[in-house]
Amino acid sequence: MKTIHNINLGFSQQTFDFDQSYPQDLNEILAFIDCWIADNDHAILDEVISHLAIQRDKWSTTYILDSVNTLFKDEKIHFLIAGKKYFPENLQTDFSKVDRSNLKFAQRRETFSVIKTHLSDPDQWKFVEIIKPERIKESDLLRAQVLCEKLFGTNGGSSQNSLCHYLRKHLRKWNSNLEKFRKVSGQEQYPGTNEIQDGLAVTRRLLDVHDPFEFIITFINEEDRLCNAMCNFIILENFYSNQIYTWDILLKAVEAFKQNHADLEKKSDVKKALDTLFTILTDPRPYSFIEEIPILISIVKPVNDLIIEKQIASAKALAFEKIEQIIDKIVNVLNKRNTHSDMRNKTLYPLQSIKRKINAASSMQDITVYLEEAITEFDYAMDRLL
């Protein structure tokens, strides 16, 4: 790209009514720079111009550069070149009326030359960092640093922009983890839904503020909610990282125990353990009781297993009885038709096979399925024989 010669570094010009879009464009560019700095901690002139030129076809590179220059002259942004901050007040000087022997004249002349050189030459844009004016009061910055250390363990940085970047990085991590927790909690009977929603509300509110000054003021004003969110986040992170496996065991166990609830309550110690499990399950903040879950389940499960074992034995006996009745009906038909042995074996084999499956079954559901298979086999057999 060619050198741009018409860079105006003098006083900012007033924008008249015939060009109403210009202030709106300036606000849009400033908002873009705010977002860029908030997400990256810094904005390089070359990157800002490149991204804006791609996003907005109607804006030429010269127009974007002129707009950035106007924001600089209006004290909306500052430039950092080779580690040195440049402010617009250093440029707004009528050199014809200044004593050229004055040291300040020489300094301002040098500043003018540096900025003009870097803005006019596209190859130099990558060396120009755009920074936001440090407007936060020291007392507010200190409050924000203290709160930052309370929440995240360190003060986050000594400047407004570095602190803002640090806080946003950690709040985005909070927000991302809370979103993961929210997706899990919405699928099953998991605790923490209200705390997750409260945490997401405060992180989203802060992350929606991109201007560093406004962000830090909002951060300070949300201190109580942030402290609550931090306490909840620590608990939630521990639960969804370490305790959720125990909670899944609880969910499965309670579901299994429901079927025999009445029989389980007949023993006082089992009833007490069972009631405690249901209480933990419905507690909005059960975290301190989760360690008790395996012990409580170990009290209820053996009794429940014994009940199920008896139920399965009873179901098997009933299923055998029904299959024997089915076999007797088929044998009567086979006898009446004087069927040869091969045909008899072929007809009865599936039912004998189902009996072996039932004998090895370990659940009521399997027994029910096998019994249905036996009834289907009976229908097939009778269709062939009659």
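**Cores, pocket and local features of a predicted chain**

Within the largest nonpolar core of 56 residues, Trp174, Leu226, Trp247 and Leu277 touch the most other members. A nonpolar core is a set of buried Ala, Val, Leu, Ile, Met, Phe, Trp, Tyr and Cys residues joined through side-chain atoms within 4.5 Å. Buried means under 20% relative accessible area, exposed means over 50%, and partly exposed lies in between (1.4 Å probe, protein chains only). At least two residues of this core come from each of α5 (138-152), α6 (160-185), α7 (193-207), α8 (212-221), α9 (223-258), α11 (268-282) and α12 (293-336). Helix α9 supplies the largest share, 15 residues. Helices (H or I, at least four residues) and strands (E, at least two) are DSSP runs, numbered from the N terminus.

The model is predicted; local features need pLDDT of at least 70, side-chain atom pairs count only at pLDDT 80 or more, and totals for chains, interfaces and linings use all residues. Residues are numbered from 1 along each chain as its sequence is written, and side-chain values use heavy atoms, with hydrogens and water left out.

Tryptophan 174 is in contact with Leu151, Phe152, Thr203, Leu226, Ala229, Met230 and Phe233, leaving aside neighbours within four places in sequence. Contact means heavy atoms within 4.5 Å. A second core is separate and holds 27 residues, including Leu30, Ala43, Val48 and Phe72.

The chain as a whole was examined next. It contains 14 helices and four strands. Of its 386 residues, 42% count as buried. Among contacts in the chain with a separation of 6 or more, 69% join residues 24 or more positions apart. The accessible surface is about 21800 Å², and 51% of this surface belongs to carbon and sulfur atoms. Areas come from the Shrake-Rupley method with a 1.4 Å probe; for residues, only the protein chains shown count as cover.

A search of the whole structure found zero disulfides. A disulfide is here a pair of cysteine sulfur atoms within 2.5 Å. Cysteine 35 is partly exposed, at a relative accessible area of 27%. Cysteine 164 is buried, at 2% relative accessibility.

The second largest pocket holds about 180 Å³ of space. Its lining consists of Ala256, Gln259, Asn260, Ile308, Gln311, Ile312, Ser362, Ser363, Met364 and Gln365. Helices α12 and α14 (364-385) each supply at least two of the lining residues. The most comes from α12, with three residues. Pockets were defined on a 1 Å grid over the protein atoms alone: a cavity is a set of points where a 1.4 Å probe fits but cannot get out, and a pocket is an open set with protein on both sides within 12 Å along at least five of seven lines; lining residues have an atom within 4 Å of a point. Grid points are joined across faces, edges and corners, and a volume is the space filled by probe spheres set on the points.

Several single sites were also examined. Alanine 82 lies in the loop between β2 (78-81) and β3 (84-86). Its phi is near 55°, a positive value in a residue other than glycine. Most residues other than glycine have a negative phi. Alanine 82 is exposed, at 79% relative accessibility.

Histidine 118 sits in helix α4 (residues 103-120). Its relative accessibility of 13% makes histidine 118 buried. Not counting residues up to four places away in sequence, histidine 118 touches Ile81, Gln124, Trp125, Phe127 and Val128.

Serine 67 is buried, with a relative accessible area of 0%. Its C-alpha atom is separated by 8.0 Å from that of aspartate 25, 42 residues apart along the chain. Threonine 70 is buried at 10% relative accessibility. Threonine 70 and leucine 26 are 44 residues apart in sequence, and their C-alpha atoms are 8.2 Å apart in space.

Proline 284 occupies the loop between α11 and α12. Proline 284 is exposed, with a relative accessible area of 57%. Beyond its neighbours within four places in sequence, proline 284 is in contact with Pro191, Gly192 and Glu195. From C-alpha to C-alpha, proline 284 and glutamate 195 are 9.8 Å apart in space, while 89 residues apart in sequence.
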